[in-house]
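Reader: I would like to go through this model and ask where the labels come from. Please set each value against its cut-off.

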Amino acid sequence: MCGIVGYIGDKKAVEFLLEGLTKLEYRGYDSAGIAVNCGVNIFVEKAVGRLDALKEKLKNREPEGTVGIGHTRWATHGRPSDLNAHPHTDCTGKFVVVHNGIIENYMSLKEDLISRGHKFISETDTEVVPHLLEEVYKGDFIGAVREVLNKIEGSYSLVFMSKDNPETLICAKQDNPLVVGLGKGENFIASDIPAIISKTRDTYILNDGEIAIVKKDSVKIINRRGEDVQKKVFRVTWNAEAAEKGGYEHFMLKEIHEQPKAVRDTMSERVLKDGSAIVMEELHWDKNFLDSINKIYIVACGTAYHAGLVGKFYIEKLARKLVEVDLASEYRYRDPIVDEKTLVIVISQSGETSDTLAALKESKRLGAKTLAVTNVVGSSIAREADQVVYTWAGPEIAVASTKAYTTQLILMFMLALYMAQIQKTVSPERTRELIELLKKIPAQISETLSDVDPIKTFARQYGFNEDVFYIGRSLDYDVALEGALKLKEISYIHAEAYASGELKHGTLALIVEGVPVIALATQKSVYEKTLSNIKEVKARDAVVIGIAAAGDTELEKYLDHVIFVPETDELLIPLLTVVPLQLLAYYAAITRGCDVDKPRNLAKSVTVE
Ligand code: M6R
């Protein structure tokens, strides 16, 4: 997704701009650009493709100016091209803007501006912004920016630069993240903390409706009415190394291996020392609260949605509350039946996913109580929800979500058990037993991660197949969906997951000799039925790779390959079975020479619809 950086100080701006944009590359982008105020003019350079293309264009002609802005674009309005890349300028070249988000009313604004003689050169929605600034500017930069903000509708983080106001950068936030980094004699602007963490840890995280007036020695925050806003400095505590690869070839592999620590962190402080109960300090729910809820929605996108499916299973099984799970992109437009007796739980790693945020806002509008499960402190979703529980997975850089998923699963499990404690739907003995097993999960993930050779072999053997099917029942089906998503997004192999019981209703027609089928068979309650589904595909000469719990002696009788994960309760086993599926996707992508951390057409944080 788009990334923004800005610099104002005494150093050559271009140096920070390129460094900051490099740190944001993980967000995904298709073009990049910078603008630097050089006094006589504003220097602008942009290039479609990777940052290297921009650096090549800047070779031997880097601008000397000390005020600048930069951007990496992920195309929404208009294809990836030099012209559509940001920054965008007005007719005179005196105003320059970078933007993340969407200006929803840009068409009518553009028509109006064209009728007033403005010349547009791009297909973007953003370009209306500098032209509007040109239109309303009468010598008061801040006043003009506020006037522009009053004219535009939609979501944005915006940074404004003016040739005639070289001492000031102005930025504004609405539904898109924006942070100001506080330096000494210099200040920084970025859409994400990794861009500035090597420069400063002291930041202002802007809220919706806030405008920052950034000079080299000061930062002033105002609201849209022009009133001063007093903000606390937010000190970033995670270090720069945490956002780097730490010796692994890819962020994805690093993050897969971080899962034992990540799930341990998620659990920490939430399990009572004597192992008798789950504590959710953030929530303080009681029986009255839960009795007032007659329906729970879990709403999310992609991998987080898959975590939601498992979450539904946990809550229904343990807390005996009715749960519906919905894709945020569907939920927000389908007039959901939601009222003040509904609890809406949104799950989002980034806390910035546009559809999830919109679903959350819609739920609040309808009167629901809302809870966010997210990984990013201070994210838009975290701020918007009534209550928030953090997964504490640490920054996830790879586009393919791995440790975010397992930490979401742990959190949903603990939430369900916490609800069950309040509802008294699970006995104290069973609670203790589950907590005991929960505590073993980090070590069991490590164990699963220690035996990757068979997975590498399968990946090499089947990495060039066109189609792969994943099957399972109950929780195994939910994990199968996640396994298939992982494979398709990073290796570009067509992968589909099916509930095993559905095979004979259509999909079995696709199972022919040599087609790889990954069959999960860990759910004891449906084990026999799963086994007969596996036999059905085996009878069609599919190549079946089984995923089973240690101690399963049955599956091996029918299959050539079985990957075993440590034994645990069938509720917790998704935390283990997903690991070989993540690794299989990773090594298949390596086999095929794919760009694992930045898969084509995808972005880490989907902040536009
Ligand atoms: O940040 P979020 O959890 O809200 O993101 C949701 C999806 O965009 C995300 O899980 C996506 O599906 C991942 N690329 C999957 O690996």
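Author: Lys-317 is found in helix H9, residues 302-319. Helices here are DSSP runs of H or I with at least four residues, strands are DSSP runs of E with at least two, and both are numbered from the N terminus. This is a predicted model, in which local features need pLDDT of at least 70 and side-chain atom pairs count only at pLDDT 80 or more, while totals for chains, interfaces and linings use all residues. Residues are numbered from 1 along each chain as its sequence is written, and side-chain values use heavy atoms, with hydrogens and water left out.

Reader: Why does Lys-317 count as partly exposed?

Author: Buried means under 20% relative accessible area, exposed means over 50%, and partly exposed is in between (1.4 Å probe, protein chains only). Lys-317 has 47% relative accessibility, so Lys-317 counts as partly exposed. The C-alpha atoms of Lys-317 and Ile-69 are separated by 52 Å, and the two residues are 248 apart along the chain.

Reader: What makes Phe-95 and Tyr-137 a pair, and of which kind?

Author: Rings of Phe, Tyr and Trp (its six-membered ring) pair if their centres lie within 6.5 Å; planes under 30 degrees apart count as stacked, over 60 as edge-to-face and the rest as tilted. The ring centres of Phe-95 and Tyr-137 are 5.0 Å apart and the planes stand at 65°, so this pair is edge-to-face. Phe-95 belongs to strand S6 (residues 95-103), and Tyr-137 to the loop between helix H4 (128-136) and helix H5 (141-151), 42 residues apart. Both Phe-95 and Tyr-137 are buried.

Reader: How do you know what to call the pair of Phe-469 and Tyr-498?

Author: Phe-469 and Tyr-498 have 6.2 Å from centre to centre and 35° between the planes, and the pair is tilted. Phe-469 is in strand S20 (residues 467-472) and Tyr-498 in strand S21 (residues 494-499), 29 residues apart. With 3% relative accessibility, Phe-469 counts as buried, whereas Tyr-498, at 23%, is partly exposed. The structure holds 10 aromatic pairs, and ring pairs link Tyr-7, Phe-16 and Phe-188 into a cluster.

Reader: Which strands are joined to S11, and what makes them pairs?

Author: Two strands pair if DSSP finds at least two bridges between them. Three bridges join strand S9 (residues 179-182) to strand S11 (residues 202-205), and these strands run antiparallel. One of the partners is Tyr-204 in S11, for Val-180. Two bridges join S11 to strand S14 (residues 234-235), also antiparallel. There, Asp-202 has Arg-235 in S14 as its bridge partner.

Reader: What sits over the ring of Tyr-492?

Author: The charged end of Arg-600 does, 3.8 Å from the ring centre. A charge sits over a ring if NZ of Lys or CZ of Arg is within 6 Å of the ring centre and within 35 degrees of the ring normal. Arg-270 lies over the face of Trp-392, at 3.8 Å from the ring centre.
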